[in-house]
Structure formats: C-alpha cells, structure tokens
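Welcome! Have a look at the sequence and the 3D view here, and then let us walk through them together.

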Amino acid sequence: MSAFTTTDFRARPPGRALAFWTRLRRGDEVAYTVTLTCALSILAITALLVFELYTNSAETRHKFGWSFLSTSVWDPVAGEFGALPFIYGTVVTSALALLIGIPLGVGAAIFLAELAPAKISNALTFLIELLAAVPSVIYGLLGIFVLVPMLRSAEPAIRAVLGWTPLFSGPFYGVSLFSAGVVLTIMIVPFIISISREVILAVPNEQREGALALGATRWETTWNVVIPFARKGIMGSIFLALARSLGETMAVTMVVGNDPKIHASLFAPGYSIAAVIANEFTEATGGLYQSALIELGLVLFGLTMVINGVARLLVLGTTRKGAA
Amino acid sequence: MSRRICIHSAALAAVLTMGAASAQQVLITAGGATFPNPIYSKWFNDYHNKLPNIAINYQSQGSGFGVQQVTAGTVDFGASDMPMTDAQIKEFQDKRGSAILHFPTVLGADVPTYNIPGVTAKLNFTPEALAGIFLGKITKWNDPELVKANPGVSLPANDIAVVHRSEGSGTTFIWVDFLSKVSKEWETKVGRGTSVNWPVGRGGKGNEGVAGQVKQQPNSIGYVELIYALQNKMNYGKVKNASGEVVEASLASVTAAAAGMKEMPEDFRVSITNASGKGAYPISSFTWLLIPSKIADPAKKKAIKDFLAWMLADGQKMTEALAYAQLPKAVIAKEVKAIDKIQ
C-alpha cells in the first residue's frame, strides 16, 4: 500500500488527479459527487418543470399575453380564459389560513416545548404528527360534511361580531372562501406546531438559565429570549405551511364553492388555481383549453416564488430589527 | 423416484400449456368516460372470465381523456359521454389515417334534485323553469313558472341556491345540452361543454359533492346522475318533455327517450335530450365507445369485434342490475351491422 503511493508520487509530481484519487479512496470525493448530483437533480427537476409548463402553455400565452393574469372570465365553451379569480382565491384562502394558523400553531408549540409537562407534551406531539399525515381528501370530506354545517350554525355569531366589515357580508351558503381558509388552517397547523416545537426545544438551555439568572420570569424568558432565538426555525415552519396551503387541491375544491368570480366577502364562494386544474384537466379537450390550464400551473409556480420571496424579505427585515 | 418424475412432467405440462395460452393472449387497453365505468368494468371482467385469453384494461379518467388517448393512439379504443366534434374527428383522421366509429353502449340521464324545507312532494319542472333557474332569472321558489307547474304545492318565497358540478364531466354536458336546446338564451350566453361558465351557483365536486351541498343547503337545487340518485334513494323532480308530458326519470323512461328518436344517424353521433314521445325522459343521453375503423393487429381486431357483438347481446342484459338503461332494440340492430365497418 505505502509502496504503491510512494512510487506513484515519484512517477509524477503530486497533481490534481492524484489528489482526487487519494481523496476518492478516503471517500470525500465520492460523498461530494453524490451529494452534488442530488443537489443538481433538484435544480434539473425545477428547470424541467418550468420548461414543460412554459412550452405547453404557448397557445394561451400567445393569444392572451399578460392579460391572462388580469382578466376574470373563465369560459371554456367560448375559449376565453383569465386567471385572476383563481389567483385571488388561492391568495385569500392561504392568507386566511396563515392568519388563523400562525398564532394557533406557534402558541401551541410554545406550550408544548416550554410550559407543558413532558408526558403531556409527548402525547400531544404524537397526536399532532398523526394529524399531519391525514390525507387531504379526508380533510375535504370532513370539511364538507362536518365543518361546513358547523360553520353554518356559527355564522350568525360571526356575523354579529364582524358583520359590519365587507369581508363578512352577503349570504352564506356554507361552501366559501372562509370555509376553505378554515379547512386549510386545520391542515397546516400541525406542520407549524411540530416544526416550531422542535426548534424551540433545540434552543440551548444556557439561554434560559441566563435569562432566569437575570431575574426574568418564565414567560419573559420564553418570549424575550427563547422565541427570538428560535425565530428563524419558526419562520421556516410557516413557509412550509404556506407552501402546503398554496398548493392544496382536494380539500380546497370540496369546500371552496368552485365559482370563478371575485367576491369581496369571505362568505362568498371562490376557486383556487390547484383546484381548477384538478377539476378540469381530465375533461379538457382542445389545445387552447388545455394550454390555459397548463398556464395556470405556471402562474401557481410564479405566485409561490413571489410570495416566498416577499416572505423571506419580511423575515430578513424583522431579524435585522431584532438584532439591532 | 417415480413421484419425482411425475412432478417434473406435470410442471413441464403446465409450462407448455401456459406457453400455448400466452401465444394467443390479447391485451387491449381502453380509457375514457367515468360515468359508464361500473358497467364497463363488469363487462370487461365477465368477458375475460368467458374468454380468459382476452383482457381489456379500462382506465376511467374522463371523456376528454378517452378522446385524446384514442386520437394519440395510446389506447386501442376510447369511451366518451359526448360524441366527438367534427373538428376532433378530422384531427383523428389526420393523425391516424382512418375514421373513428361511435358505438352507443348504454344510456344515462340527469335528474334535478332539490331541498326545500316543508316541501315533500315530487316537483314538476318545465324546461323554461330549469333554464330560468340556472340562468339566474328565476330566483325564488314561488316564481309563477314553478307555481304554475306544481298546482297544490305551496312553494316558499325563498331564494334559490343553485349547485352545479365543479369538474368537467359528461353529466354536466348532458345537462347543458338540454338547457341549450330548450333555451336560446342559454345556447348563446353559456353553450355546451363539459365545463361551462355558469351564470349562477356554486360548484360541488362529483355527484357526491353536489348531492352533499343540496342536502345541507336549504332551498337549493342541483343535478346528479340518475344512477347516483337511485342508488342513494334521493328525491328528485320530474321534467316536462318536448311532447308536453311530465315524466319521472327511470330506466324505462330513459330507454323510451332513445327509442322515440325518429332517425338514428349512420355514425350514431346524436343527442337525445329534449326528447319527445310517450314516456320519454328529456334529459337522457347515450354514452359511446370510440373505436378506430382500422385496427392493424388482427388478433385485437377480432377481439374487439367479438366483444362488441357480445356487449350488444349478452352485455345488454346486465345493464339494469347496475341501474343503466338498455339500448332500444332498433339501435342494437343498427350497431350490429356497423361492427363490419371495423377493418
């Protein structure tokens, strides 16, 4: 073994190739190449996805141009397609889900990680992880057969409190943007809780001990020391939740009302991008119709990028402020 | 020792027979409409049991899928709840260099289903009333058009909540095809399709989605497949046909709608909505198999032709058990002749 390396070294000056083989023997280069391939494949899949969506939506892109994003008629019979109601529905339902889901999820995570006795915490965490694994069609069915009737009976109360805003005006038929938002909340909260709890648990104990030693109460320690420390991870959990709610299909289509119109009221029915693709793609005949649905896929991709980008900028802003 | 030989020769014999059987094995792939999937599954399964060397694999992914895949040549035949359009037929001819044949298999129908608190009677619907409701022009249950058609029923002055299918479906096509025939306004404003731009209402996913919303929402109306309504024992309304008779949907009244058709075109591409004739239910339709007129593989060609002949004879006897309406005798006779067009 050593004889081989010494002769090898003498035969040629130590070059890159030699270093490569040495490193290969030690496994470094193998690990590097394998993991690099894995990372590149993600890029390749994303690029292929965008390429396919882009080329297959050529027909509608040429016909409608940018007006595809700003018009709101969806008429497969007449061949008129506009994406605005779907973009609106997707954004509104996801925003609503985050609005309810973030305080709920983060609050529960704080309780489970910091305040609850270990036994209760472990039992509840197990249940929450179970919830995260429930298929979305089950959430959809529960939504239409259980949640919607419940919301219908809760509607007068909601209206009494919030009815003065245009957001809760107009007749309520059960299926609506509001119902979809609530179902999405139920679906994303387990993600937020599960990840946030892990992150909070990972905060070093020295941080807590330091704060307590300075005379902070338990809650002051949690709120002023632990949560800021875990902020990045909590934000990560919210991004994951956002991604799930933007792309959710089955559960949304079952409770959103599937009406491609823009209504200001959350009590009115709406439609989301993922839902219309799932609903109409199998029966879409004719190039233009199919092209319009594929372009909606492209729009959803772009929308996700934009929302994620904006959210990341927001996070950057808040962490800087926190640091300063 | 002798036992070992015996086992060996048995195994050899088994291998040989398997080899012989697989030599004539015919695998046919098909795909399309979801509405006739239960009866198609039964047919293909029973036919396979009868002739084990012939297996037909049917993918029930929607009528649009059936038309696309048969045109692309990825399936041996397709299935659709609506006849192919002239443009689609031309595309098929350009791509495959032969014609496409339509073979009606069974009949289906749509029924209006509703939920009005306090009203238990079976309501009568005129075509004008249904078009008015789905256009958003008739907005209250006590509209004169509805009251006139339902003497003795006290209809409330409540707003009508309309529910339609959210996903593209043959069920929707039958419904809007009927509305297009009875209402000029519907035809010009909305038109026909598996998905349309609905003037009013909310969408439910699938028959179960529409039925679920109608059940929960007081004063609502929607439409579901007759089969779905029968299997779930739902209440549904009667509809006035083109002869002025108010007919309740049933397997017999759907077959009557097909039988009442005066002339069946040579290519079987025909809509039977708004049918006339005694006991004919007006929101009915055929569903079709889409079969290329030229099939290159002789074994597949023979298998498909034999299957069609069997489907029109023995197969028709199985339909009613699964709540599909049978084809009228005249249509069957005409289809048997059309099988020879497959070459």
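What follows is a short tour of a predicted model, taken one contact at a time.

The contact between them draws 29 residues from chain B and 25 residues from chain A. If you turn to the chain B side, you can find three elements that each supply at least two residues to it: helix H3 (63–72), strand S7 (202–204) and helix H9 (206–216). Which of the elements gives the most to this side? It is H3(B), with five residues. What kinds of residues does chain B place against chain A? They divide into five nonpolar, 20 polar and four charged.

Now stay with chain B and look inside it. Its domain assignment gives domain 1, made of 24–108 + 285–341, and domain 2, covering 109–259. Taken over C-alpha atoms, the centres of domain 1 and domain 2 of chain B are separated by 30 Å. These domains touch each other too: 21 residues from domain 1 of chain B and 17 residues from domain 2 of chain B take part in the contact.

On the domain 1 side, you will meet H3 of chain B again, along with strand S4 (100–115), strand S11 (284–292) and helix H13 (329–338), and each of them supplies at least two residues. The largest share on that side comes from S11(B), with three residues. Sorted by class, the side of domain 1 of chain B that touches domain 2 of chain B has twelve nonpolar, seven polar and two charged residues.

Key: Residues numbered from 1 in each chain as written. Chains lettered and ligands numbered in written order. Predicted model: local features only at pLDDT ≥ 70, side-chain atom pairs only at ≥ 80, totals over all residues. Contact = placed C-beta atoms within 7 Å. Helix = DSSP H or I, 4+ residues; strand = E, 2+ residues; numbered from the N terminus. Nonpolar A, V, L, I, M, F, W, Y, C, P; charged D, E, K, R; others polar. Domains from an automatic or database assignment.
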